Amino acid sequence: MSEPLLSVDGLAKHFAVHRGVLFQNKIGSVRAVDGLSFEVAEGETLALVGESGCGKSTTGRMILRLMEASAGSIRFAGKDVRSLDRRALRDLRRDIQIIFQDPYASLNPRLTVGETLAEPLRLHGLASGPKLRQRIDSLLAEVGLSPWHALRYPHEFSGGQRQRIGIARALASEPKLIVCDEPVSALDVSIQAQVINLLQDLKEKRGLSYIFIAHDLAVVRHISDRVAVMYLGKIVELSPKRQLFAMPRHPYTQALLSAVPVPDPSAQRARIRLTGDIPSPLNPPSGCRFHTRCAYAKDRCKVEEPALRPIGQEGEKVACHFAETIVPPTLVPENEPPYAARLAALRKFRPATA
Amino acid sequence: MTPLLEVDSLRTEFRSGGNTFAAVDGVSFTLAPGETLGIVGESGCGKSVTSLSIMRLVPNPPGHITGGAVRFQGRNLLNLPEAEMRTLRGGAISMIFQEPMTSLNPVQTIGAQIIEGILLHRAVGPAEARARALEMLQLVRIPSPETRLDEYPHQLSGGMRQRVMIAMALACDPKVLIADEPTTALDVTIQAQILDLLRDLRERTGTAIMLITHDLGVVAELAHRVIVMYSGRIVEEAPVDLLFADPQHPYTLGLLGSIPRLGSDGDERLTAIEGTVPNPFALPAGCRFSPRCPLADSRCRSEAPPLQEIGKGHRTACWKAPLDQTLAGAAAA
């Protein structure tokens, strides 16, 4: 097998916590990300899933060096990302781009869309003069916007269109990998579907890899190839999506799946309810970080931290001492929704009227 | 059964610049005692303005209610003097919002805020009110409620704050609880806890709930009946099972097709609804969904379809309903 596009090993980010204003004393550190290891192959989508504060966004930012890691290594296409100098870093950011959750906050309100897209093209010497205009037009077309949109400002667009602009800007430098940080969570469902379809089309057309950071498991199942589930700065399970959704091995993954409301009132599935809140990352529980909320926790879980270890035949990995003995109940209804036939008919109807 | 709350041809307009548009345009529905009614739709469909209109909390200016009636236990709330309205709010009708941090007072303790409402609506003394506040925190399952009572909102997690909001809303035994996106800001495992809590509380208290949400999953979990809104109007109304089994408006069907499903591998594309919600100042003639509807024809583009009964408790505003006939007809042609 060839070398993966991106490989991350033992990645960590610790934020120091101070008390006092004049004489600051370090009173501890938040281990936002604590020893992550994963790989992303060319053309692959890896999802990072978890709840607020699990470290998924911090991980995305460290890969682009928008935030410096505290420990660990990041290798991208054979280069050691953490030791790059400024020049090399600029080249790296040509190859790795990012799309943010809030497209409005991440676009400069005083630049027209055309100017926003021209910036990366000029910076990386990709286009100039009359070519520049052509490139901008084709980028806009690629994300489903029109050439005349180039003259408009971000406030003139709807949320979905702004996210398309964010995607066009990311595509401008012709990256190999795009970190998508909750790209659809701020959008209405009908618009969300448009953007998900767009991301999938672009991936196919350009052979892109994505790191897809999200909290919505249904979206993740739709778009990713492999899924890493995070809890308090650690990966608790990392598996191909088919295996992860069919047979979630970690009790946290099971609880997470069980908690997703399913748009089918007739769905029969098991209810696993976690009690309490996520513990503070300032003072995470000893041993397995999930043991305070885990229904299967035993004494061993309180003292010994489980390593992320292989299990199963398809490259599944889980960080749980008792994964072999925990049988997952039915968490994901696999039945076709009752409206499926009608939806299929509606889908076929479309070209007839177009 | 007589409805507890009846909204009749409600129309709420907003003024912006020199223009006026109706955020809620002739919406009618009822809420029975003990019932949970889900109101679903995307941003700008008028679902939140509908609930604010019921409470008479629409910011004026720029908004004002220009037509219709809101009858609660037989009285039209739109004609009540403000003083009487004030006794209703937080008393017989109460409300919880999406963002519990911005709806709680940051410089008052949790206890003081719950007690304030109880003292306002009930003829009880401070000690009794405090006991009631404590009882409410226990009811919403907040751990160590005694100490929490004297804490400030910032000391609580998001899920805990939403529990406090619910405790506050239920403290005076409301007949109607309006929950506007109560779980949207929460993580999914916390959302599940809050949904369980609401389900449990409505069994115990018999409170009718108006659940406003954009999430069809949440509706499927909690609602008995569902209203789908689009661009200020109701496009479909049905008992929850029927809405998911037999959606009869192309917009409802489109929404269902837009949601990535947990049980599918995503090998098929999502059926996205093309285009965007119409500009409220330049609404299309006829059916407001027609510019985005694959089934639309010239009639749809000129004549607004009325909300018509097509089954028991099932109403839809579509010229093409029942959809199966239309779709089968097209396949045959």
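Predicted model: local features only at pLDDT ≥ 70, side-chain atom pairs only at ≥ 80, totals over all residues.
## Domain bounds and the area between them

Domain 1 of chain A covers 40-70 + 78-224 and domain 2 covers 229-261 + 270-354, with bounds that come from an automatic or database domain assignment. Taken over C-alpha atoms, the centres of the two domains are 27 Å apart, and 15 residues of domain 1 are in contact (heavy atoms within 4.5 Å) with 17 residues of domain 2.

The area buried between the two domains is about 1,300 Å², with carbon and sulfur atoms giving 64%; buried area is the accessible area (1.4 Å probe) that two parts lose on being put together, summed over both. On the side of domain 1, E51(A), L217(A) and R221(A) lose the most area to domain 2, together 50% of what that side buries.

## A buried arginine and a covered helix in chain B

In chain B, R199(B) lies in helix α8, residues 188-205, where helices (H or I, at least four residues) are DSSP runs numbered from the N terminus. R199(B) counts as buried because its relative accessibility is 17%, buried meaning under 20% relative accessible area (1.4 Å probe, protein chains only). The side chain of R199(B) makes a polar contact with the side chain of E221(B) at 3.2 Å, and, leaving aside residues up to four places away in sequence, R199(B) touches R271(A), E221(B) and L222(B).

Helix α11 of chain B, residues 250-258, is mostly covered, with nine of its nine residues buried; among them are P250(B), Y251(B) and S258(B).

## Basis of the values

Residues are numbered from 1 along each chain as its sequence is written, while chains are lettered from A and ligands numbered from 1 in the order in which they are written. Local features need pLDDT of at least 70, side-chain atom pairs count only at pLDDT 80 or more, and totals for chains, interfaces and linings use all residues, while side-chain values use heavy atoms, with hydrogens and water left out.

Key
Helix = DSSP H or I, 4+ residues; strand = E, 2+ residues; numbered from the N terminus. Buried < 20%, exposed > 50% of the residue type's maximum accessible area, 1.4 Å probe, protein only. Polar contact = N/O pair within 3.5 Å; in protein donor to acceptor, adjacent residues only side chain to side chain.
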